[in-house]
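The structure comes first, then the questions.

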Amino acid sequence: MKVIRTILLYVVSIFVFASCVSSGNNDIADDAYSDVVLGEDLVRIGMPEKLDYLISNLVISDEMIGLLAQSDKSLFDQSLLNSPENVKYYNTSKNKAVNMGVYGAELNYLIHFEQTGSSMKYMAASKQLADQIGVAMAFDQHAVEEYQNNVENKDSLINIIFVVYDNARRMLKNEEQFMLSSLVIVGSWIENMYITTELFQRTKSTTLKSKLVTSIIEQKDYLDKILDAVVLLDEGDNIFVTDIIDNLKSVDSQYQGFGDKLLSEEDVDLLHQSITKVRMKIIQVK
């Protein structure tokens, strides 16, 4: 089982799974395989397939973090991360969801750079956000203890995390759950891109930069699909979501401005500035 796929899917699958389970339900395994009738509108716009695509292909942005870590562990910078202490400032379900994505990407970053001793704080932050939203958390106390006991063993961490994924997508039922799950993906993708474009500027390896440029260009299509999903689910009544959409469109416009050319270091810096604006909007505390 690969680190790249499963660690990245952690926070998305945990949240999607948890958001669909009643907090009073102890029979999770049985419910995970129950038939679910989706709303006609969700089926009509192909939202289950759209979310499946987003979850499955989020791995590509994770691979960039993996490349950086494989190339040079000294690139690690704890100061880039959103402090787990900020979790107490996120006070709406949508704000909590998108920051769960941020913390999940940061968990992935920590594990790639072999900073697993710090990863418990980021897993705990994700769990706390889920609990505050008022949903059951698939990572129960036993799983948390298992994670803690195996924190230096990547394969064990993956095995603990992976168990919820296949069940998660079968349980989504309504627009709100799809929106929250999509926002988790937004947070994960933005944080992966923020860290990647920041560390891109710090590495001296031309070979690594060449590989990263190719991957960064490929993220344009993925961003388009994120926007498609969030815009379709948006009801236009939430300023936080509207701001995120507008900022994501700004990143998309930055991509469009590059055309089909191979990105220069200056282009990546411009993209980094655009992504940082979205990221700061997401993690800001009041």
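This is a predicted model: local features need pLDDT of at least 70, side-chain atom pairs count only at pLDDT 80 or more; totals for chains, interfaces and linings use all residues.

Q: What makes K209 a charge that sits over the ring of F200?
A: The charged end of K209 is 5.4 Å from the centre of the F200 ring. Residues are numbered from 1 along each chain as its sequence is written, and side-chain values use heavy atoms, with hydrogens and water left out.

Q: How many helices and strands does the protein have?
A: There are 14 helices and zero strands. Helices (H or I, at least four residues) and strands (E, at least two) are DSSP runs, numbered from the N terminus.

Q: How many aromatic pairs does a search of the whole structure find?
A: The search finds six. Rings of Phe, Tyr and Trp (its six-membered ring) pair if their centres lie within 6.5 Å; planes under 30 degrees apart count as stacked, over 60 as edge-to-face and the rest as tilted.

Q: Why is the pair of F76 and F113 called tilted?
A: The ring centres of F76 and F113 are 5.9 Å apart, and the planes stand at 45°, so the pair is tilted. This pair links distant parts of the chain, 37 residues apart: F76 is in the loop between helix 5 (59-71) and helix 6 (93-112), and F113 in the loop between helix 6 and helix 7 (116-133). Both residues, F76 and F113, are buried. Together with Y109, F76 and F113 form one aromatic cluster.

Q: How do you know whether Y255 and F258 are buried or exposed?
A: Buried means under 20% relative accessible area, exposed over 50%, and partly exposed in between (1.4 Å probe, protein chains only). Y255 has 5% and F258 has 7%, so both count as buried. Across the protein, 54% of the 286 residues count as buried.

Q: What makes the buried residues of helix 13 line one face?
A: Those residues are F240, V241, I244, I245, L248, V251, D252, Y255 and F258. Seen down the helix axis, they fall within an arc of 130°, so they line one face of helix 13; the arc is that of the directions from the helix axis to the C-beta atoms. On the other side of helix 13, I239, Q256 and G257 are exposed. The buried residues of helix 13 pack against helix 6, helix 11 (175-200), helix 12 (206-233) and helix 14 (265-283).

Q: How does the reach of helix 13 sit against the expected span?
A: Helix 13 has 20 residues and reaches 29 Å from its first C-alpha to its last, close to the expected 28 Å. The expected span is 1.5 Å times one less than the number of residues.

Q: Why does T203 count as buried?
A: T203 has 5% relative accessibility, so it counts as buried. T203 lies in the loop between helix 11 and helix 12. Leaving aside neighbours within four places in sequence, T203 is in contact (heavy atoms within 4.5 Å) with L75, L208 and K209.

Q: What makes the reach from T203 to S205 a polar contact?
A: A polar contact is a pair of N or O atoms within 3.5 Å; within protein, one must be able to donate a hydrogen and the other to accept it, and residues adjacent in sequence count only if both atoms are side-chain atoms. The side chain of T203 reaches the backbone nitrogen of S205 at 3.2 Å. In helix 11, the side chain of S181 reaches the backbone oxygen of Q177 at 2.9 Å.

Q: How do you know that G187 is buried?
A: The relative accessible area of G187 is 0%, so G187 is buried. G187 lies in helix 11 and, leaving aside neighbours within four places in sequence, is in contact with V98, G101 and V102.

Conventions
A charge sits over a ring if NZ of Lys or CZ of Arg is within 6 Å of the ring centre and within 35 degrees of the ring normal.
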